[in-house]
Every structure is written in structure tokens, then in C-alpha cells.
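Work through the exercises below with the model open. Each task is followed by a stepwise solution.

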Amino acid sequence: MGAVRSQMDYSLPVQVWASQTTLASLDAVQNQALRLICGTFRTTPIAAGEIMANIPPLKLRRERAVILAHERYMRLEDGCPLRSLVDNWEGRRRLKNRPCFMHVARGLVREANLPVERAALSPSGSIFPMEALGMPTIRKSLLDPVVTKQSPTTRLLQAARETIASYPAGVTTIYTDGSVRTLEGTVKAGYGAVVRLSGNPESDELSGSCQQKSSLEAELEAMFQALDWVATMVRNGTASAHDIVLFTDSVAALEAIERLDEGARRVWDVLTVGGRLLRFGVNVTLQWVPAHCGVVSHDLADQLAKTAVATALENDEPYSYESVRSLVNQRMLTLWHDGWDSSDKGRELYRAMRRPDRRDAWE
């Protein structure tokens, strides 16, 4: 499946006006792959194989690709020829002709009821493709490995303080946290960071909203923004180059960095900033600390993240492309699962497996 998926997905947005015969031939390729993956008989319903393998129908993948392509075009800068074509398009369709891309796109966007307040596409930032990566030292347990999240709060606080005190006094310390909140169907995420540069008795506070809408991405965003801020200070000569210890309560973020999770965009940005710091002789350590146990600086980072989310909700900020992509992914999953619920095929499997696993079905 992996060998041909990239070829089949390459032209997904333009497949919507292909003939039914052509689309059926593409569907047959996926259907055959599903039978090989699941080891099912030819009489097994394709819908059952899709659920077992967590592979959505190609029809939904095509519709998703059309919506996301339309959303990207609508976020291009003013004056872009492609943006002008999309904005000023007036469809004239003859009865015998199949619908074109814009006919399908506008219909699907209208059905999805997506936000009309669109933020411009975010730039790639200051990360360059050929920059060397720097893998930080990752510690997912406290100095006392017996202490876990399930330990009593007083013991957690004691172990956390012992762990923090075990690092040299001259290091730069960073406490980060992310927050996600949903209000009337609107999802907003924010990050907070408390940075104390080496030799500076005062702390600097960083916060802001995130384009991504998951807790993991918010945590990674906090790490990246804090490390990037320190790297900029070191590069400009505003801060001296000392090793960094970053404290976070997100084991998931640490594991994503450890396994080089390709699905989390900020993982690579964190590694790239780590490589940039290494060139200045700065080593980075990522240390897990428990949440809400009384670590003052981490609690402050948590409050900064929550305040950033509340501000984003009050200001009704335009939706980023990443946010809309999450909404589209969720809508397509809902359509797929609702179709499986209402189908009269594969009911034996349905009684045992009403939903596929939690892996991302679109990546």
C-alpha cells in the first residue's frame, strides 16, 4: 500500500472530475491491497477491510484533498494569479459536462461549513532545510525513578525539587507548558514558557497562541518558541552560551522527539534549533517534571498558556490552515464512521469493531 499510495494521492484534487470508470479502476487497486493487508476473502465487504486496516475510502480522500487545496488557494497573498482565479471564478456548466474542480470545491466547502475568516498561510520560519539537527538529552523520569505521576503530591513535589536541584547552578532553565480549550465548537491552543537565563536573577515570560490544535503540538510549540528565543539571544550576543535544561510535563512530547515523529511538525524545528545551539557549544536537556504539584515556575508557564488560549478565544482570531485541516480531517472521519454505522454490510465485524484504532488515518 505504501508503495503506490504516493502515486495515487499525487493527483487527488483533480481526480474529482475523472470518469466513474477511471475512479473505479483506482478504487480496485486499494480494494485489492486491503484484502492482502487484512487477509480477507473476496466476499468480505470492502467497508469492513477499510475499518480493520484504518484506511479511509478513496472517495473521502479525494473530497478531503479538494477542500484542503481550495483552502490553501484562498490563503494565498492578495494579487496572486491563482488566488484571483479562485476568488473571481464564475462557473458555467453544461448539462453534459462533468463538474470541474471549482464546482466540486465550492459545494464541499459549503457542506463542511468551514470558517470564512482565514489566516494567511504561515511561513516556514527561520528554519533552513540543510541545517544540522541536534538531538537533546531526554529524561522521562525524575532523579528518583520510583516516583511516578501516580505518587502522592507531596512526594512528587519533593522528587521534582530534588531533580531540579541536581542540575548545575549555571545552566539556563526553561519551564514550558501547552493548553487546549474548546468553546462552542471552536478549538484554540496556546503555549507558555518561563525562561531564566544563566546569571540572570529575573525570569522572562513567553506566551502565544498556536496554529495547531492538539495538546502535543501545543507542548512542542512551547519548547520550540522558548529554545528559539534563547538561540536568538545567544546569536545576538545578548545572552551568554550556557547549557539549557528545559522542564516539561509532557511525556508525549518527549517521546515524539525521541522517536523523531514525522507527524508532529515542531519536532523537527526543536531538533533544528538544538543543532543551532550546539554550534555555540550549548547542550540541551529535556527533563520531565510532574504537573500541578507545586513547582512554581512550571505552574506559571501553565497559567501563561491558559491565558494565551483565553485571549485567542476572546479575539476570535482567523482560522489558520492547520486549524481548518484538523476540522476537515475530523469531518471526514465522522462521515466515514457514520457510513459504517448505517451500512448493512460487514455487521459481524461491526459488532466486534465499531471504530478503527486511534492512528491518524490521513497520513
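**Exercise 1. Find the ring under the charged end of Arg-347, and give the distance from its centre.**

Solution. Step 1: the charged end of Arg-347 sits over the ring of Tyr-350, 4.2 Å from its centre. A charge sits over a ring if NZ of Lys or CZ of Arg is within 6 Å of the ring centre and within 35 degrees of the ring normal.
Step 1: Arg-347 also lies over the face of Trp-340, at 4.9 Å from the ring centre.
Step 2: note the basis of these values. This is a predicted model, where local features need pLDDT of at least 70, side-chain atom pairs count only at pLDDT 80 or more, and totals for chains, interfaces and linings use all residues. Residues are numbered from 1 along each chain as its sequence is written, and side-chain values use heavy atoms, with hydrogens and water left out.

**Exercise 2. Count the aromatic pairs in the whole structure, then classify the pair Tyr-167 and Phe-247.**

Solution. Step 1: the search of the whole structure finds four aromatic pairs. Rings of Phe, Tyr and Trp (its six-membered ring) pair if their centres lie within 6.5 Å; planes under 30 degrees apart count as stacked, over 60 as edge-to-face and the rest as tilted.
Step 1: Tyr-167 and Phe-247 have ring centres 6.0 Å apart and planes at 80°, so this pair is edge-to-face.
Step 2: Tyr-167 is in the loop between helix H7 (153-165) and strand E2 (172-183), while Phe-247 is in strand E5, 80 residues apart. Helices (H or I, at least four residues) and strands (E, at least two) are DSSP runs, numbered from the N terminus.
Step 3: check burial. Tyr-167 is buried at 13% relative accessible area, and Phe-247 is buried at 1%. Buried means under 20% relative accessible area, exposed over 50%, partly exposed in between (1.4 Å probe, protein chains only).
Step 4: now the second pair. The rings of Trp-340 and Tyr-350 have centres 5.8 Å apart and planes at 65°, so they too are edge-to-face. Trp-340 is in helix H12 (residues 321-342) and Tyr-350 in helix H13 (residues 347-352), ten residues apart.
Step 5: Trp-340 counts as buried at 2%, and Tyr-350 at 13%.
Step 6: Tyr-167, Tyr-175 and Phe-247 form one aromatic cluster.

**Exercise 3. Describe how strand E5 is covered and which strand it is joined to.**

Solution. Step 1: E5 spans residues 244-248, and five of its five residues are buried.
Step 1: sort the side chains. In a regular strand they alternate between the two faces of the sheet. Ile-244, Leu-246 and Thr-248 point one way from E5; Val-245 and Phe-247 point the other way.
Step 2: five bridges join E5 to strand E6 (residues 284-288), and the two run parallel. Two strands pair if DSSP finds at least two bridges between them.
Step 3: Gln-287 in E6 is the bridge partner of Phe-247.

**Exercise 4. Is Arg-62 buried or exposed, and what does its side chain join?**

Solution. Step 1: Arg-62 is in helix H4 (residues 58-74). Arg-62 counts as buried, at 5% relative accessibility.
Step 1: a polar contact of 3.0 Å joins its side chain to that of Asp-27. A polar contact is a pair of N or O atoms within 3.5 Å; within protein, one must be able to donate a hydrogen and the other to accept it, and residues adjacent in sequence count only if both atoms are side-chain atoms.
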